[in-house]
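Hi,

Here is the structure I promised to pass on.

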Amino acid sequence: MRSFELYEPTTVKEAVDTLTRLGSKAKVLAGGSDLVAGVMKDWVEGPGMPLPEALIDVTTIPQLRGIKVDRNGATIGSNMTLTEIIESKELKQQFSLLTDAAHSVASPLIRNYATLGGNLNQRPRCWFLRGPDFHCYKKGGDACFSVSGDNRFHAIIGGELCYIVHPSDTATALLALNAQAKIAGPDGERTVPFDNYFISPRENVLRENVLKPNELMVEVFIPTPASGTKQTWMKLKNRDVYDFALVAVAAAFTVENDDWKDGRVVLGGVAPVPYRATGVENQLKGKNIKNTIKQAAAIIRTVARPMSMNAYKVDIAQAMVERTILQALG
Ligand SMILES: Cc1cc2nc3c(=O)[nH]c(=O)nc-3n(C[C@H](O)[C@H](O)[C@H](O)COP(=O)(O)OP(=O)(O)OC[C@H]3O[C@@H](n4cnc5c(N)ncnc54)[C@H](O)[C@@H]3O)c2cc1C
Ligand code: SF4
């Protein structure tokens with residue numbers, strides 16, 4: 001691996017100042033499980049994706065730690081590890097969708113040092129992107145190798161130019177919980193709902209989220225769900241040991257007399273950004289869930305555009321939407 005400079009700021013301001021001074025040469029570092037043990041170790045680089053020359057370790061900033069739950073919701077510092085999130089009794093009680101999703105990430109060892117900020121901002125896992133020999137669109141090249149190559153794990157919805165699937169399980173859960181991120185930059189702080197946080201290849205193939213090079217994620221806020229909200233997480237993997245989602249479904253909704261009142265259904269593993277299935281939600285709205293769920297889940301077929309080797313994911317996504325919602329209903 002190429003050597004790099006390491007900075008250890010102790011405040012958010014110091015980190016932002018250092019990022020601003022060093023420009024595109026620098027990257028934020030948290031647990032390092034993706035950036036160092038993945039991207040940099042494997043020399044994943046290209047004209048649009050240069051290897052960083054300096055890493056700004058944000059795990060030395062106390063402000064980025066902590067979990068606070070009050071009547072308004074939960075605030076989670078971006079440096080909290082996935083294990084700390086899973087082990088929080090307060091989060092488990094009110095936001096089981098997030099703790100279950102976090103628990104399904106990778107292995108216990110990785111969850112012990114992988115952070116929430118790192119999980120949400122990790123780079124995609126397309127095997128062409130992670131291979132040094134493929135200068136695809138996402139690295140600034142002029143081709144997508146998944147179109148004619150092995151695309152069995154790629155996107156079935158919303159791919160254009162690039163057919164990655166967003167790798168983060170916590171992102172899928174947080175979008176279903178209507179959460180938002182607080183971001184710090186040279187002009188102060190801004191708040192971005194996860195509805196608007198992720199960027200599809202159609203908007204900008206070189207980016208996956210709204211973070212600018214001199215910004216960092218400070219914390220995540222999840223509003224307290226309406227009383228009686230049902231939450232369920234379901235993830236299907238290719239193998240039983242740790243793995244990324246083939247398809248994941250996060251559902252959070254309220255019910256009145258078995259009718260769908262309000263809520264969100266979000267899919268992971270199917271699109272370049274966590275995919276909110278508004279078509280499914282609209283089909284269910286105000287209707288008896290058990291009577292309508294089959295028809296609602298079938299909406300997935302109308303939005304899916306599978307590639308040559310991944311049509312199987314459409315069947316799985318449809319079945320999992322149905323199962324997840326029925327399981328949440330009890
Ligand atoms: C074998 C294996 C299996 C895995 N399985 C899964 C899985 O099933 N589900 C899943 O969701 N993930 C999975 N992952 C990915 C893993 O969860 C991520 O690598 C991890 O969560 C990243 O966290 P980190 O703290 O180590 O981030 P780092 O590697 O330090 O950083 C990752 C990225 O986030 C950026 N970043 C980090 N913190 C911040 C911040 N505060 N503000 C702005 N940017 C920031 C960094 O610049 C970098 O680009 C797996 C990884 C491995 C190696
Ligand atoms: S899907 Fe995206 S990351 Fe993968 S080869 Fe195509 S352009 Fe590159």
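Asn-288 caps the N-terminal end of helix H10, with a side-chain oxygen 3.1 Å from the backbone nitrogen of Lys-290. That is a polar contact (a pair of N or O atoms within 3.5 Å; within protein, one must be able to donate a hydrogen and the other to accept it, and residues adjacent in sequence count only if both atoms are side-chain atoms). Helices (H or I, at least four residues) and strands (E, at least two) are DSSP runs, numbered from the N terminus.

Before going further: this is a predicted model, where local features need pLDDT of at least 70, side-chain atom pairs count only at pLDDT 80 or more, and totals for chains, interfaces and linings use all residues. Residues are numbered from 1 along each chain as its sequence is written, chains are lettered from A and ligands numbered from 1 in the order in which they are written, and side-chain values use heavy atoms, with hydrogens and water left out.

Back to H10, which spans residues 289-297. Its buried residues are Ile-289, Thr-292, Ile-293, Ala-296 and Ala-297, where buried means under 20% relative accessible area, exposed over 50% and partly exposed in between (1.4 Å probe, protein chains only). They sit on the same side of H10 because they cover an arc of only 125° around the axis, taken from the directions from the helix axis to the C-beta atoms. Asn-291, Lys-294 and Gln-295, on the other side of H10, are exposed. Strands S10 (245-256) and S11 (259-268) are among the elements that cover the buried residues, as are helices H9 (278-284), H11 (299-303) and H12 (312-329); contact here means heavy atoms within 4.5 Å.

Next, the salt bridges (a side-chain nitrogen of Lys or Arg within 4 Å of a carboxyl oxygen of Asp or Glu). By this rule the count comes to 23. One of them joins Arg-130 and Asp-34, at 2.9 Å from N to O. This pair links distant parts of the chain, 96 residues apart: Arg-130 is in the loop between helix H7 (116-121) and helix H8 (169-176), and Asp-34 is in the loop between strand S2 (26-29) and helix H2 (35-40). Arg-130 is buried, at 12% relative accessible area, and Asp-34 is buried too, at 11%.

Arg-190 forms a salt bridge with Glu-215, and their closest N and O atoms are 2.7 Å apart. Since Arg-190 lies in strand S7 and Glu-215 in the loop between S7 and strand S8 (216-223), the pair ties together parts 25 residues apart in sequence. Arg-190 is partly exposed at 29%, whereas Glu-215 is buried at 9%. There is also a network of salt bridges that links Asp-195, Arg-264, Arg-276 and Glu-281.

S10, S11 and H9 each give two or more residues to the lining, and the largest share, four residues, comes from S11.

Best wishes
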